[in-house]
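Visitor: Please take a close look at a single part of this model and tell me how it sits in its surroundings. I would like the cut-offs for any terms you use.

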Amino acid sequence: MTDVAIELQDLQIAYTVRGVDRRVLRGVSFSIGQGESYGLVGESGCGKTTAAFAIMRYLPRNAKVLSGSIRLNGEDMLAMSGGKVRRLQATTLSMVYQNPASALNPSIRVGRQLAEAFEVLDVAKEEAETRSEAMLQKVQISDPQRVMRRYPHQLSGGMQQRVVIAMALAKNPTLLVLDEPTTGLDATVEAEVLDLIAALRQEFGTSVLFISHNLAVVAKMCERVGVLYAGRLVEEGPAQEIFRDPRHPYTVGLLRCIPRGGLRKDETALDTIPGFLPRLGADLPGCVFEPRCGLAKEVCREHEPELIPLGNGRASRCHFHDRAHELPRVAPARLPAAQAANGKPLLEVEHGSKTFKQEGQEVQALVDISLAVRVGEVLGLVGESGSGKTTLARLLLGLTSPDEGSALALDGEPLAGRVQKRTNEQVRSLQIVFQNPDGALNRRHSVRLIIGRALYKLLGLHGNDRDERTSQLVESVRFDQSLLGAKPAQLSGGLKQRVAIARAFAGDPRIVLCDEPTSALDVSVQAAILNLLVELQTQKGVSYVFISHDLGVVRYISDRIAVMYLGRLQEIGDAETVFAGPHHPYTEALLSAVPNLEGEERTRIRLEGEIPSAANPPSGCVFHTRCPRFLGDICVQEEPPLAEVEPGHLMRCHIPVEELRRLQAEAPPMAQSKTTT
Amino acid sequence: MTTLDEQAAPIAIPIRPDETKVERHERLRLLVRSPTFLIGCFLAGIWVVCAIFGNLIAPHDPVSPDILSKFEAPSAQHLFGTDKLGQDVLSRVILGARSVLVVAPLATILGTVLGTTIGLVTGYYRGFVDEATMRVVDAILAIPLIITALLAITAVGPSRKTLVLVIAFVFTPIIAKTVRAAVLGEAQLDYVQAARLRNEHGPYVMFAEILPNVTGPIIVEFTVRLGYAIFTVATLAFLGFAADPTIPDWGQDISAHYQSINAGYWWPVLFPSLAIATLIVGINLIADAIAQLFER
């Protein structure tokens, strides 16, 4: 074993909330070796960030260390004086947060901020400038001098995160704590940043604590993994082995929640983890996972298991660790078979365009989109942020009116561009489930009012009829009747999303737009919501337009998939055809950017740079500036048509489909080197 | 519906207690414990009691001139002395609370209601109406409050009704701005979009959906404005625009006697001034305590 960089021993931390101590970490012990990368996974509320803050000594004022120790290079950090801690924070510890925009001071130029990181180490001013420049080069910013003169808001999210990483590495830290460093980034950018972190770790030999809720990212980035649940480390071991052969029911459950390996809704239902995370500071005499565990026995309720070593550096805190994989399924293995989508188009958009005026400039958010949502199908909509997915959804709903020349039709009848001009029937037909249930539900209204109001406005139901229908609705989304009086703040994220789904279904819609409905939720909750959506779709025969950045989820739920880039439709076809290929080079890049749990190194192509500005889109094929299979002048000069390459499979690319098929079967091309600023 | 029933399990587990109720309860408890709030309530409370039960508390008739005993210094008989008409200053101070404490709260309530409505409409609909209204609001705000009030009162003549209307009128734009800012933030949230997707009418969205979510800033603004309203009423009375010149009024009494200070008769000025000061300080302390609570 290598030397230990940091070691946590039986760390117990409580937050004082309203005068009561509530334990968040219930005795966490782990250590990270020199140059090792350690991943901490678990759902939100498990104590991951608290552990990171404890190591950084950044705990909020109401936090209390009840017992335990944190040793950095053998020294007890908790016993150190304030001055010594500050010195450590300046010289040996670094942290990168989820949101780079708030980690940078918006009023100071990037160069100055970065130089400060050197100056605290007593580096002279000019020297600090030179070193900053070199550091920006290390984080693969191609024109450091220009970037240094900019303010943070002038950089894209990916660039900002690179700058933050450069600042964190300025002091050549012993330990680098990364708290969800790529969660706010697009998949393509995430892939780049992850590659960068991996490369820098090699170069600097820094120890890394990597916190993420995304198991696949952790599997890719970390050598060892600790699974945290309710402030307890429940399982620990080498990353690949834990994900291949989990030995704790919680890890088993988590892994079963994730749609992966091309799983589809008609094959298997996702499994879920029943119940909720125990409340902060709840008294748990037995195993912390016992209330939600399908394997729990009497002994689990009374005695908390030790962290039992399993050899090979693995350990599991479960009495029945050898039987963890026998954890019974909660959800049925199969969902009821969906009615075969019949090919009749239900909602059509022809030449749908949307131009926004921004500071006198015209920004084309959507350009000539023509597609149809068919009866009973799920149309997945994918693309990076800024590709126009949400604008398209809002346009279909009538929340933003389309440009002249666009035509919408429902059932072949023309559909007005603005929701106010649509008939009640049409308004009812199109509903949405928003991404964030916190904003989508009025926090001052009770669940009964939220759903009842929709029933009243959309179906004109009153009194008993309305109450009855409300009961039916909440039952169909598996929401308990007794909670009808509750306000959204009393409900967990999953329950809130169920209410939002019930509201969307209140008027018997024919199409429900799902705008990232699960991305604000933990994986176990995501699985339950996905199952619910699939079940509702089968029952009611509705169609979905399903927007998501998570390709695993899209593949799981969608019948057809549309890929968007810079407001243009690039590819559309049956889900399996699009995933199986040949695919559009952009789709290819998106697919290749997704880290997978199996840990297999997929053929990787990397998109360089960011999505260009819609105010000034590239000429010809809009993707040509980033295309890994760039042909030449034709791509710059001429926009390829959306052509049918196979039956039902349309693509916008100059490369003939057979050529693409051949190319994509071969080794991937190297991403072109272009300036990324 | 048997297929996924096992999934109902999550809901069988008891949910969290009503966090909003707990929060409200917590807030009230914090408020009642806060010394700022308690002192404020005490100071303001004195004058509220005086305004309501003044007739019972006042030792003398506040409006019975007694030329023989004018400008008597404070004594056991007249604790705060007598004024230039020989009226008991203490009694006048006690009953003077009434005129201020009727006009100021009424004016503030009216201003808050109008301001909230304008703020909701402009913040929700945006566009041309918003632009136009906000320019008018800025114009009103550019003129000093007291001058606007003076002009209006001179035009229609002082009365209790005019005072209430005038003060409400100058407060409306200020409150409208605060409310509009809060509404702008709320209108971005998806629940407003969801309301549009069931063809809700504007008034329902504004008053039933958005209003309950912006009550915090409105309450804070109300208490702050109340302090200013009291100050404005007193100032106007001092300048000769008392609501009703025949009843005791602090501002009016100060104005009637401040020239006598040189002659050594300080008491008819000091006590009404202290009354104004304590009431305003009291209200401001309450406002501070409430604002702090909502900022948390």
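Guide: Of the contacts in chain B between residues at least 6 apart in sequence, 73% join residues at least 24 apart. Two residues are in contact here if their C-beta atoms, placed from the backbone, lie within 7 Å. This is a predicted model, in which local features need pLDDT of at least 70 and side-chain atom pairs count only at pLDDT 80 or more, while totals for chains, interfaces and linings use all residues. Residues are numbered from 1 along each chain as its sequence is written, and chains are lettered from A and ligands numbered from 1 in the order in which they are written.

Chain B has twelve helices and zero strands. Helices (H or I, at least four residues) and strands (E, at least two) are DSSP runs, numbered from the N terminus. The overall form of chain B comes next. The C-alpha trace of chain B spans about 95 × 45 × 25 Å along its principal axes. The radius of gyration of chain B is 25 Å, whereas a compact globule of 296 residues would have one near 19 Å. That radius is taken over C-alpha atoms, and the globule rule is 2.2 Å times the number of residues to the power 0.38. In chain B, 41% of the 296 residues count as buried. A residue is buried if 20 or more other C-beta atoms lie within 10 Å of its own, exposed if 12 or fewer, and partly exposed in between.

The part to look at closely is helix α4 of chain B, which covers residues 89–125. One of its partners is helix α7 of chain B, residues 160–187. The axes of α4(B) and α7(B) come within 5 Å and cross at roughly 35°. Axes are lines fitted to C-alpha atoms, for helices over the stretch in contact, and angles run from 0 to 180 degrees between N-to-C directions. The crossing of α4(B) with α7(B) is right-handed. A crossing is right-handed if the near helix is turned clockwise from the far one by less than a right angle, and left-handed if anticlockwise. The contact between α4(B) and α7(B) has 20 nonpolar, ten polar and two charged residues. Ala, Val, Leu, Ile, Met, Phe, Trp, Tyr, Cys and Pro count as nonpolar, Asp, Glu, Lys and Arg as charged, and the others, Gly among them, as polar.

Another partner is helix α9 of chain B, residues 202–210. Its axis and that of α4(B) come within 10 Å and cross at roughly 115°. The pair α4(B) and α9(B) is therefore roughly perpendicular. Angles of 65 to 115 degrees count as roughly perpendicular, under 35 as roughly parallel, over 145 as roughly antiparallel, and the rest as oblique. The crossing of α4(B) and α9(B) is right-handed. On the α4(B) side, B:L120, B:V121 and B:Y124 make the contact. On the α9(B) side, B:G202, B:V205, B:M206 and B:I210 take part. By class, this contact of α4(B) with α9(B) has six nonpolar residues, one polar residue and no charged ones. An α-helix has 3.6 residues a turn, so residues three or four places apart point the same way.

Chain A gives some background. The secondary structure of chain A comes to 24 helices and 24 strands. Its radius of gyration is 26 Å, close to the 26 Å of the globule rule for 677 residues, so chain A is as compact as a globular protein of that length. Buried residues make up 51% of chain A.
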